[in-house]
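Visitor: Could you walk me through this model and tell me what lies behind the words you use for it?
Guide: Gladly; here it is.

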Amino acid sequence: MKLAFYLRLSQADGDLDDDNKDESNSIENQRALLQAFVGFHEDMPKEAVEYIDDGYSGTNFNRPGFMRMLEDAKKGEFDTLLVKDLSRLGRDYIGVGDYMEQVFPMLGIRFIAVNSNYDSDDYIGKTMGLDMSITNLVNALYSRDLSKKFTSSLHTKWNRGISTAGRVPFGYTKDPENKGKWLLDPEAAKYVRMIFDKALDGWSTSMIANHMNEQHIPTPGQYREQHKRGACGRKVTDEEWVWDTRMVWIILKNYAYTGALVHGKTKSVSVGSKSRRNVKEKDRYVVEGTHEAIVTKEEFENAQIAIQRMDMPSMRQDAGFSLKGKICCGNCKLRMHYHYGATPVIYCGHATISGKASNCCRTKYEEKWVEGIVLYSLNQQLELLSSLVEKLEKKKGQAPDDLEAQKRKLEKKIQVLQAGRIRLYERYAEGMITLEQYQAEKTATAEQVAKLQEQLDKANSFGKKEDSLINELDSFRYRTNEITPFDHMTREIAESFIDTVYIYNKNKVEIIFAFDDVIQRATEYLE
């Protein structure tokens with residue numbers, strides 16, 4: 001039996017309040033309860049692998065810990081899963097029922113919800129029962145009710161001019177004496193004021209970004225990092241962390257700089273969903289005069305007129321591009337943009353919006369050129385993959401003819417030595433040898449057993465390493481459907497084999513394949 005614990009905690013589900021964790025549902029409490037349950041059952045192993053989602057709602061199953069748990073379950077990493085109660089698994093009653101009655105049984109997983117008194121072994125060949133169905137439904141309704149109360153609480157705070165934002169706009173800082181209020185940050189506010197002044201003087205967003213970089217003014221993210229105000233979530237390299245037109249555009253469009261609190265710009269598509277949609281300006285929560293203004297309303301409106309012809313730089317890629325989302329700039333490491341036209345091209349968007357401050361290559365690469373390089377390299381790697389499988393099969397077939405006889409001989413020697421240890425103790429107990437003699441002979445025997453056991457383990461594992469590597473390599477070979485070399489790139493091929501493509505320039509392209517790791521391990525093993 002291989003055991004796994006799934007532990008989940010979420011503010012959205014009411015497991016947390018504004019300041020503290022609910023101890024009954026804390027990760028520590030869930031772990032302690034499951035460990036105690038295991039302790040009372042002698043047939044269960046005392047060690048378990050844990051999958052944790054701290055801060056994820058139970059209304060959907062798109063959680064990193066849960067998804068990792070499912071992948072491991074498919075690989076047979078465990079066969080028994082424990083949770084504190086059904087609500088920890090999820091609060092979507094239909095989804096929970098699907099996992100309990102279809103997914104887990106199909107994977108051969110025994111599922112136990114301790115406080116819900118549910119053990120799937122008690123329901124073999126049956127449905128989970130009306131009581132369990134009602135429990136799941138109650139959990140789902142409970143989560144939706146909490147979501148409504150939580151949203152209502154937010155609206156009340158917003159109407160009172162209390163901010164619930166985790167991060168304040170560049171130019172402000174949180175008031176340490178009054179939670180939910182903002183104070184002016186003089187240094188950062190000076191930079192914001194500069195941006196508005198330049199826009200009012202007729203400067204474009206690219207001209208402003210270039211000026212900020214020439215003056216070595218820190219970006220909002222750099223400023224937060226320098227003043228230790230939380231993670232900035234950047235993806236760009238240090239050298240390319242510069243002002244760009246997008247940053248300038250966002251500041252110029254933020255009405256909060258007039259002293260107003262603006263909340264409710266986006267809303268969740270559904271309860272527990274990570275997807276959000278924009279809310280129309282007329283439906284947003286705006287409370288005037290909640291903090292000190294950096295610009296007047298008139299200045300803000302004039303700045304909007306000045307930039308009204310400037311669209312926010314797009315970060316989208318064309319859905320029809322086979323390598324969508326997989327092409328990155330080798331310098332800044334950000335995803336490159338795809339421009340659909342008579343001749344589709346890929347280019348570094350960061351270089352475009354950052355101006356001359358960026359060292360990224362500004363070349364526009366034709367779609368066919370990029371796909372051709374990736375396709376050629378992929379076919380070469382798939383040839384190498386097949387070659388490695390053949391070499392592993394050959395090595396696996398080189399097992400000695402008398403391997404089984406060698407294993408039996410080693411097992412016999414180990415048994416003799418282990419029996420000798422018992423006789424050795426009996427001799428010491430009967431006073432035939434001294435304690436020193438007993439300890440010396442016992443140590444010598446243990447060393448002999450260890451050496452023989454090592455040889456036996458090696459003999460038993462003969463061929464297993466090859467089998468493991470062959471299976472991993474074959475998992476990629478089978479995706480080709482025996483049609484290689486490929487003659488054109490498709491979305492399916494890219495998703496199956498390509499991880500990331502870094503383009504530095506016309507002469508340097510780095511391709512990370514999905515099977516690079518197993519090829520490296522197989523090559524090192526054969527060497």
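Guide: Let us begin with a term: helices (H or I, at least four residues) and strands (E, at least two) are DSSP runs, numbered from the N terminus. Lys-198, for one, is found in helix H6, residues 186-200. The model is predicted, so local features need pLDDT of at least 70 and side-chain atom pairs pLDDT 80 or more, while totals for chains, interfaces and linings use all residues. Residues are numbered from 1 along each chain as its sequence is written, and side-chain values use heavy atoms, leaving out hydrogens and water.

Visitor: What makes up the protein chain in helices and strands?
Guide: The protein chain has 17 helices and 17 strands. Buried residues account for 41% of its 527 residues.

Visitor: Why does Gly-90 count as buried?
Guide: Buried means under 20% relative accessible area, exposed over 50% and partly exposed in between, with a 1.4 Å probe and protein chains only. Gly-90 has 1% relative accessibility, and therefore counts as buried. This glycine lies in the loop between helix H3 (86-89) and helix H4 (93-107).

Visitor: Which residues does Gly-90 touch, not counting those up to four places away in sequence?
Guide: Contact means heavy atoms within 4.5 Å. On that basis Gly-90 touches Gly-58, Phe-61, Arg-63 and Val-96. The C-alpha atoms of Gly-90 and Gly-58 are 4.2 Å apart, although the two are 32 residues apart along the chain.

Visitor: How do you know that Lys-198 has no salt bridge?
Guide: A salt bridge needs a side-chain nitrogen of Lys or Arg within 4 Å of a carboxyl oxygen of Asp or Glu. For the buried Lys-198, the nearest side chain of opposite charge is Asp-201, 5.6 Å away. Lys and Arg count as positive, Asp and Glu as negative, and His and the chain ends are not counted. Lys-198 does touch Trp-203, Ile-208 and His-211, not counting residues up to four places away in sequence.

Visitor: Why are H7 and H9 called roughly perpendicular?
Guide: Axes are lines fitted to C-alpha atoms, for helices over the stretch in contact, and angles run from 0 to 180 degrees between N-to-C directions. Under 35 degrees is roughly parallel, over 145 roughly antiparallel, 65 to 115 roughly perpendicular and the rest oblique. H7 (residues 205-214) and H9 (residues 245-252) pack at about 110°, with axes 8 Å apart, and are therefore roughly perpendicular.

Visitor: What angle do H6 and H9 make?
Guide: H6 and H9 pack at about 90°, their axes 10 Å apart, which makes H6 roughly perpendicular to H9.
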